[in-house]
Amino acid sequence: MAKTETPAENAQLKDIISHAKEYGFVYPSSEIYDGLQAVYDYGAYGVELKNNLKRLWWETMTRVQDNIVGIDAAIFMHPTTWKASGHVDSFNDPMIDNKDSKKRYRADVLVEEHAAVIERAGDLERAKSLTAALARMLEAEDLDGVRDLITNEGIKCPISGTSNWTDVRQFNLMFSTQVGSVAEDSSTIYLRPETAQGIFVNFLNIQKTARMKVPFGIAQIGKAFRNEIVARQFIFRMREFEQMEMQFFIRPGTEMDWYKYWSETRMKWHLALGTPPEKLRKHDHEKLAHYANAAMDIEFDFPFGFKEVEGIHSRTDFDLKSHQEFSKKKQQYFDPEINQNYIPYVVETSIGADRLFLLTLCNAYTVEETEEKSRTFLKLHPAVAPVKAAILPIVKKDGLPEKAQEIVQALKYDFNIIYEDSGSIGKRYTRQDLIGTPFCIAVDHQTLEDNMVTIRHRDTTEQERVPISELHGRITEATSFRRIFEKL
Ligand code: GAP
């Protein structure tokens, strides 16, 4: 039978968003109060998928690499941290308001989107010169120039349809709050906008207590917060999100080698997870962040175009040096190999857990059309699928549920397993397809005789008869991270 698949690039983001909500992956936060913009909650299957992705990243960093250790630093940090890091002064986005719609936009995003439209219309040169002009103006902090670019290009607000713009102003993205119980004693602190600083301020603690020698890395997974002006595209740009960051401390002068190493290594990781190579690309930064001397993004072809998933940044010694200045505490490392003290340079890899989640969902979401019906399923890598196997007695009697429960007991301590005995077997298969369960295991009357079950494979819907004794080994083989690690 002729089958056609709708790959992720054709799937509409809105289909993925409604699938995520309908089948327990992601809900708008506090939805009963109509939600909170750019904040989301993960449901029963969403949290499993996200935890698997985080665990995969964590183990890649701390186990596959033998010179990286972990840390779990607090979200709140001493406020001077953010002075030293440059976030108080420089963590800004240029914003512009449309006076008619009262809507606020990121000025750079307006220009970039306009350039993308020009590029799609075939005028690549003009698009390029526009983005280059934007980069120059941002670099020079020429906000009037950015506004002129917007007006001269006739860029209109999509809501009001007018070009009635305010000036461009800088907007700091950090959320602040107060600590201290009495107003007079309270002081302003920030919700961290990146997890990296928790690593920098603990550099010496970790280096000494874990007895690390340069080059070595410190990895962290944790929440970060940014008051994003443009908050849309589902979980792509959130105000509360999770980062998975690794700071790799190196000898000064070796940063370009390590930058190359980490750019390639991280790209390999995405490919090992099954992302098609044509959906990934590298993008070198034209405008560098205040701390970087080289930076690139790994971009994924989301339904709304190629966008950043992960950043690799050569951060020089900017952060440690600055913390040394502000704290008046030496942030040096004595390198016994060259008999020298120095402040290490840093290459950072930084990926958003939520963006990786969205990438994974976009890659996995598949609609398969046959002449009779259409089948929607999530073609998730079994290693990250929220549920590894569903155990399904074909009827709810004759001792089949009891036999199925025996299988559940044999597997549940090692895998996330679902037991389901209500509804037709076809409907139960469909439910598992929708959440991406790689194996459905049907228990029938014959099972009571021969201890064999039917495995139905999610991607092909093919079925095979296997002994119960082989189930554990088969699921282990398919779902183990090892298969991914071996490709790195
Ligand atoms: N420490 C470096 C740093 O924070 P970044 O490029 O600003 O660099 C790194 O962020 C990654 O964090 C991004 O590649 C993205 O995956 C994720 N990220 C950043 N802002 C985000 C947001 N508002 N919502 C979701 N993920 C975000």
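This is a predicted model: local features need pLDDT of at least 70, side-chain atom pairs count only at pLDDT 80 or more; totals for chains, interfaces and linings use all residues.

**Exercise 1: the ligand site**

Find how many residues surround the ligand, and list the closest ones.

- Step one: the ligand is surrounded by 21 residues, and the closest of them are E194, R226, E245, E308 and V309.
- Step two: take E308, where a polar side-chain atom sits 2.5 Å from an oxygen atom of the ligand.
- Step three: go on to V309, which uses a backbone N or O atom, 2.7 Å from an oxygen atom of the ligand.
- Step four: for the nitrogen side, look at E348, whose side chain has an N or O atom 2.8 Å from a nitrogen atom of the ligand.

**Exercise 2: α5 and its partner α6**

Work out how α5 and α6 are oriented to each other, and which residues make the contact.

*Solution.* Two numbers get you started: packed helices are described by the angle between their axes and the distance between those axes.
- Step one: α5 and α6 (residues 124-139) pack at about 165 degrees, and their axes are 7 Å apart.
- Step two: angles over 145 degrees count as roughly antiparallel, so α5 is roughly antiparallel to α6.
- Step three: the crossing of α5 with α6 is left-handed.
- Step four: from α5, the contact takes D108, V111, E112, H114, A115, I118 and E119, and they meet L124, R126, A127, L130, T131, L134 and L138 of α6.
- Step five: sort that contact of α5 with α6 by class and you get eight nonpolar, two polar and four charged residues.

**Exercise 3: α5 again, now with α7**

Which residues of α5 and α7 touch, and how do they divide by class?

*Solution.* 
- Step one: the axes of α5 (residues 107-120) and α7 (residues 143-152) come within 10 Å and cross at roughly 40 degrees.
- Step two: α5 passes α7 in a left-handed crossing.
- Step three: A107, L110 and V111 of α5 make the contact with V146, L149 and I150 of α7.

**Exercise 4: α2 against α10**

Describe the orientation and handedness of the α2 and α10 pair.

*Solution.* 
- Step one: α2 (residues 44-64) and α10 (residues 255-272) have axes that come within 12 Å and cross at roughly 140 degrees.
- Step two: α2 and α10 are therefore oblique to each other.
- Step three: the crossing of α2 and α10 is right-handed.
- Step four: on the α2 side, L56, W57, T60 and M61 meet W262, R266 and W269 of α10.
- Step five: by class, the contact of α2 with α10 has five nonpolar, one polar and one charged residues.

Technical notes. Residues are numbered from 1 along each chain as its sequence is written. Side-chain values use heavy atoms; hydrogens and water are left out. Axes are lines fitted to C-alpha atoms, for helices over the stretch in contact, and angles run from 0 to 180 degrees between N-to-C directions. Helices (H or I, at least four residues) and strands (E, at least two) are DSSP runs, numbered from the N terminus. Angles under 35 degrees count as roughly parallel, over 145 as roughly antiparallel, 65 to 115 as roughly perpendicular and the rest as oblique. A crossing is left-handed if the near helix is turned anticlockwise from the far one by less than a right angle, and right-handed if clockwise. Contact means heavy atoms within 4.5 Å. Ala, Val, Leu, Ile, Met, Phe, Trp, Tyr, Cys and Pro count as nonpolar, Asp, Glu, Lys and Arg as charged, and the others, Gly among them, as polar. A residue is near a molecule or strand if one of its heavy atoms lies within 4 Å of it. A polar contact is a pair of N or O atoms within 3.5 Å; within protein, one must be able to donate a hydrogen and the other to accept it, and residues adjacent in sequence count only if both atoms are side-chain atoms.
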